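Colleague: I would be grateful for a close look at one helix packing in this model.

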Amino acid sequence: MRIWVDADATPKPVKDILFRAAQRQQVTTTLVANQPLSLPNSPYLKSVQVAAGFDIADNYIVQQCQAGDLVITADIPLAAEVVAKGAVAIDPRGEKYSRENIRQRLAMRDFMEEMRSIGQVSGGPKAFNHQDRQAFANSLDRLLSKRPTPRPSGN
């Protein structure tokens, strides 16, 4: 399992949780963004800077992820693509995207986008808070606890 992070819109507290989890669980975690990222020094943390542009980071993640990988994103179309490939996806608030709920989430996203375009709804999601951070950490822990324990390197 590898973790892929749609890093441009991922809140800093979520990145911090991921940095600690990557080290603790010894899982390669790759943050993909269209700007340079500063990461702690760890053999388990990597960053990929892609060109600026619509869906460039998303397309990179879709191309690179494999079945069984974990993708962190708030982008519902990206989540739909990686779930279709057999990856697991969760958003920065800890909500899991699945084959069972992704169509409904896409439909709701499209509906809300249309409502915003005609002025019926304004604003975006509520501010990221401590409860969201805790929900993400709990969801990540549940998912990582299901993977095999890494073996220590050496003899």
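Colleague: How close do the axes of helix H1 (residues 12-25) and helix H5 (residues 130-145) come, and at roughly what angle do they cross?

Modeller: This is a predicted model, in which local features need pLDDT of at least 70 and side-chain atom pairs pLDDT 80 or more, while totals for chains, interfaces and linings use all residues. Residues are numbered from 1 along each chain as its sequence is written, and side-chain values use heavy atoms, without hydrogens and water.

The axes of H1 and H5 come within 10 Å, crossing at roughly 25° (lines fitted to C-alpha atoms over the stretch in contact, with angles from 0 to 180 degrees between N-to-C directions; helices are DSSP runs of H or I, at least four residues, numbered from the N terminus). The two helices are therefore roughly parallel (under 35 degrees). Their crossing is right-handed, that is, the near helix is turned clockwise from the far one by less than a right angle.

On the H1 side, Pro13, Val14, Ile17, Leu18, Arg20, Ala21, Arg24 and Gln25 take part; from H5 come Arg133, Phe136, Ala137, Leu140, Asp141 and Leu144 (contact: heavy atoms within 4.5 Å). By class, this contact has nine nonpolar, one polar and four charged residues (nonpolar: Ala, Val, Leu, Ile, Met, Phe, Trp, Tyr, Cys, Pro; charged: Asp, Glu, Lys, Arg; polar: the others, Gly among them).

Elsewhere, the structure holds one aromatic pair.

Notes. Phe/Tyr/Trp six-rings, centres within 6.5 Å; stacked < 30°, edge-to-face > 60°. Parallel < 35°, antiparallel > 145°, perpendicular 65-115°, else oblique.
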